[in-house]
Amino acid sequence: MTRVRLRGSLQILLPLLLTAAVFGIWDLVVRVFDIQPYVLPAPRAVFSQIGTDWDVLQPAMFQTIEEFVIGFAVGVACGFVLAVAMGQSRILQRGLYPLLIASQAVPIIAIAAALVIWLGFGLTPKIVIVALIVFFPVVVNVLDGLTNVDRDAIALARAMGANDFRILLHIRLPATLTPLFSALKLAATFSVTGAVLGEWSASTTGGLGVYLLEQNSRLNTAGVFAAILLLSAIGIVGFLLVAGAEQLATPWRTRPTPRRLPFRRSRGVRGRAVPASIKGGSS
Amino acid sequence: MKVRVGVVVAVVVAALSVVAAYGTTRSAASRDATKLTTVRMVQEWPVADGFWIPWIVARDKGWYKAAGINLQIIPPPTVADTVKFLGTGRADIGFTTILDVIFAKEQNAPIVSIGAYSQSNNWGLIGRQGEKFTVASLKGKTVGIYNDAWTKAQLSIMLRSAHLTLSDIKMVAAASDVVPLLLAKKVDVATGVTNAEASEVRTIGHQKPFMLLAKDYGVPNSPIWLLAANTSWLQKNPQLAKTWFKVTKRALAWSIANPVGAVKMFEKAYPKAESFAYALDQWKSTIPLFKSAGGYFHQTDAQWSSLLPALKQEKLVKKPLPPKSYYTNAYIGG
Amino acid sequence: MKLHIENVRHSFEGTPALAPTTLDVEEGAFVSIVGPSGCGKSTLFNIISGLIRPTAGRVLLDGRNVTGTTGHVGYMLQKDLLLPWRTVTENIVLGAALHGRVSRRDREEAIALAERYGLAGFVDHFPHALSGGMRQRVALMRTLAFHKDVMLLDEPFGALDSQTRLRMQQWLLDVWADHGRTILFITHDVDEAIFLSDRVHVMSARPGHIRASFEIELDRPRGFELLTSDAFTELKKEILNLIYSETLKQLEREGEAA
């Protein structure tokens with residue numbers, strides 16, 4: 001009992017202590033090397049900047065979060081669907097894969113301007129940029145998961161008379177969850193950069209990226225770092241949320257049993273992909 | 001097994017020879033340079049543009065070398081880095097904007113303006129050919145701007161002259177270039193200067209833009225660009241700074257008298273940066289900006305005292321200093 | 001006759017893998033198939049289960065032609081193939097799930113099976129929390145819960161250590177006694193084949209056919225003391241000799257081909 005509690009609190013305490021240490025070292029470096037405030041501001045200056053400009057930073061933060069979340073969702077959905085389609089068709093896979101790789105080799109900054117001219121200045125081009133960044137790791141990982149499903153498991157399912165659809169549903173798709181979440185954790189951190197790049201291309205809306213550029217133009221590096229801190233916070237929270245979702249969606253990776261539902265026992269076992277049936281079934 | 005070892009050895013030898021070659025070329029360069037004094041000049045923009053013509057001409061005609069100067073041109077990673085380089089001593093001279101100098105001085109950066117590049121404010125609002133507009137007619141229109149604070153401030157002052165505010169217009173901020181948006185009719189008007197955005201509209205958009213200049217609508221008529229230097233470098237090398245200006249003035253005069261030749265030299269030095277047509281339009285639009293009663297690069301108190309109160313009012317500067325704290329004419333010579 | 005395999009042979013891209021084989025298995029029998037590696041035992045199972053349509057021949061189940069069709073027999077492999085994201089119970093009902101619906105009765109039966117055969121506290125556990133032996137038990141329960149009269153077991157205990165294997169063999173016999181299914185069993189372990197089966201078929205070298213069949217007339221229930229009895233040892237000697245000579249033949253053929 002005590003051991004678990006200690007580990008739990010240590011899990012939160014340790015990163016917090018390390019973060020405090022990083023800020024401490026940062027402050028020390030600025031002071032010891034007498035760094036000019038417009039090159040690297042002290043942490044205190046950054047925090048006070050966050051306080052001063054909070055009325056601007058807060059809506060900017062929500063703007064960037066909106067771009068991040070919607071773009072992330074779109075990217076994941078497209079990536080997943082594409083991966084499943086490519087997993088089912090070898091031709092599609094061979095044909096599309098090189099195009100997908102090429103899409104990632106193009107620097108986002110180069111296409112951002114073109115996207116803005118097509119799609120306007122609002123939310124849409126930013127969502128597209130974030131989605132572009134997110135969808136590729138999702139496709140690669142989910143496709144990997146699909147192609148690396150144990151052939152013997154599929155043979156077993158076939159021997160049991162399952163059709164292709166049921167094999168997809170019960171054997172192949174669940175095998176994609178683990179690689180999917182790996183991709184999502186990566187994507188959650190990349191997406192923040194994507195949102196900022198989108199804001200940098202052209203914008204009528206605000207956002208932390210826009211704030212960052214404005215502060216940079218005024219040589220207010222404390223402002224730049226304020227935006228950076230908030231962007232990091234968004235990335236960290238995003239990552240933690242994905243990690244949490246991973247825990248819920250793939251409990252078998254870390255737990256011996258699924259989480260208990262209060263009414264589990266009387267119904268038998270909680271099914272996930274399997275629908276429950278109340279009347280006597282057939283065999 | 002044997003083959004693998006061979007491959008590793010070959011790679012290591014290749015890497016070492018590359019490093020050695022690099023080392024020898026570097027030491028060869030510095031051997032030449034010890035006869036000359038290196039002056040590191042950081043620019044205002046990461047990519048070469050026609051504003052650099054005076055010192056490119058001076059360099060490529062060998063006039064700096066003849067005066068004992070090895071000019072090193074340093075493009076900054078981003079526009080905000082120019083004064084950072086100057087302030088930290090990574091550069092000696094900088095081609096920068098008046099706003100950058102004011103912001104830097106507010107943060108106690110050791111820099112000072114040593115010469116005005118242009119003598120007036122040539123910033124304003126640019127519209128497409130045949131689309132005349134007034135400030136008042138901008139109500140409800142879309143304006144392409146850049147993400148810097150002084151653009152918004154100047155725009156705000158201009159609008160005030162027609163009793164409008166920023167909320168009466170729709171602003172679209174572009175990070176690098178607002179002209180494509182104007183040409184693609186995604187914005188109604190764009191902010192810019194006569195010798196960049198307007199040049200672009202003329203040469204790339206193949207049309208004559210309609211322009212309203214900010215200084216006609218209440219915005220201070222301060223020059224946009226100037227040359228600044230690191231103060232401790234100036235203290236140690238006053239003669240070098242003066243010599244630099246002497247050479248640069250000579251190149252400037254030549255470039256004004258021979259615009260086509262000057263642009264040709266620019267194109268030779270930076271063939272991919274701008275098209276010849278654009279660079280020529282740009283340089284020709286810049287030439288009128290140099291004219292000054294006190295001679296090229298001359299600065300006055302008025303250039304600063306007209307600007308600083310406006311900046312204070314727009315909350316961009318907290319504690320303006322007296323003009324003489326920002327500039328000195330000590331190095332530009334007679 | 002429960003299972004009638006008639007003149008089945010198979011070639012993979014022109015290379016013969018299974019020579020014409022005929023086999024009859026009566027209802028409720030426990031029959032083992034042994035033979036040198038690569039002789040085609042697994043191919044035979046794949047044909048019976050319908051995963052492969054044989055180049056020639058037919059498979060009749062209860063008189064019905066089921067050649068090339070799947071879903072008629074239970075099939076268990078050396079790998080337990082438990083799906084990691086399903087609990088023990090959910091793995092046991094996999095057959096029903098793959099056919100669309102898992103009823104409450106299916107689930108209750110699964111739990112009952114698990115509890116009966118020593119996995120009472122583990123019905124809601126994920127496979128990674130179980131030992132190898134436990135996982136193979138679950139795999140067998142999954143095969144049972146598929147409710148097919150004929151079960152094909154392809155070296156199900158091959159990956160287990162010898163202690164666990166002994167326990168599992170005993171346990172398999174108990175389960176077979178309870179449920180009365182018809183079992184075909186592939187193994188490399190001749191002891192295991194003799195211990196478990198009513199009949200042992202020995203396959204020849206590749207491409208295999210049934211070279212000889214041995215009736216195992218040892219009384220049931222069989223205990224471990226049987227493993228060292230004279231009758232057992234006699235059978236074992238005969239079968240081993242046969243397999244050994246077949247293995248040599250196969251090695252010679254491979255040597256010629258190389």
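Read along the sequence, chain A runs α-α-α-α-α-α-α-α-α-β-α-α-α, with twelve helices and one strand in total. Helices here are DSSP runs of H or I with at least four residues, strands are runs of E with at least two, and both are numbered from the N terminus. Please keep in mind that this is a predicted model, where local features need pLDDT of at least 70, side-chain atom pairs count only at pLDDT 80 or more, and totals for chains, interfaces and linings use all residues. Residues are numbered from 1 along each chain as its sequence is written, while chains are lettered from A and ligands numbered from 1 in the order in which they are written.

**Chain A**

- Of the 283 residues in chain A, 36% are buried, meaning that 20 or more other C-beta atoms, placed from the backbone, lie within 10 Å of the residue's own.
- Among the contacts in chain A with a separation of 6 or more, 78% join residues 24 or more positions apart; a contact is a pair of residues whose C-beta atoms, placed from the backbone, lie within 7 Å.

**Confidence in chain B**

- Chain B has a mean pLDDT of 90, and 92% of its residues reach 70 or more; pLDDT is the predictor's confidence in each residue, from 0 to 100.
- A stretch to treat separately is residues 27-31 of chain B, where pLDDT stays under 50 and the model has zero contacts beyond four places in sequence.

**How the chains meet**

- Two pairs of chains are in contact, and chains A and C share the most contacts.
- Chains B and C do not touch, and their nearest C-alpha atoms are 27 Å apart.
- Where chain B meets chain A, 24 residues of chain B are in contact with 19 residues of chain A.
- On the chain B side, α4 (82-87), α5 (98-106), β7 (170-174) and α7 (179-183) each supply at least two residues, and β7(B) gives the most, with five residues.
- That side of chain B has 15 nonpolar, four polar and five charged residues, where Ala, Val, Leu, Ile, Met, Phe, Trp, Tyr, Cys and Pro count as nonpolar, Asp, Glu, Lys and Arg as charged, and the others, Gly among them, as polar.

**Domains of chain C**

- Chain C is divided into domain 1 (3-73 + 149-257) and domain 2 (79-147), with bounds from an automatic or database domain assignment.
- The C-alpha centres of these two domains of chain C lie 25 Å apart, and their contact takes eleven residues from domain 1 and seven residues from domain 2.
- Helix α6 (residues 162-179) of chain C gives the most to the domain 1 side, with six residues.
- By class, the domain 1 side has eight nonpolar residues, two polar and one charged.

Key
Buried ≥ 20, exposed ≤ 12 C-beta atoms within 10 Å, placed from the backbone.
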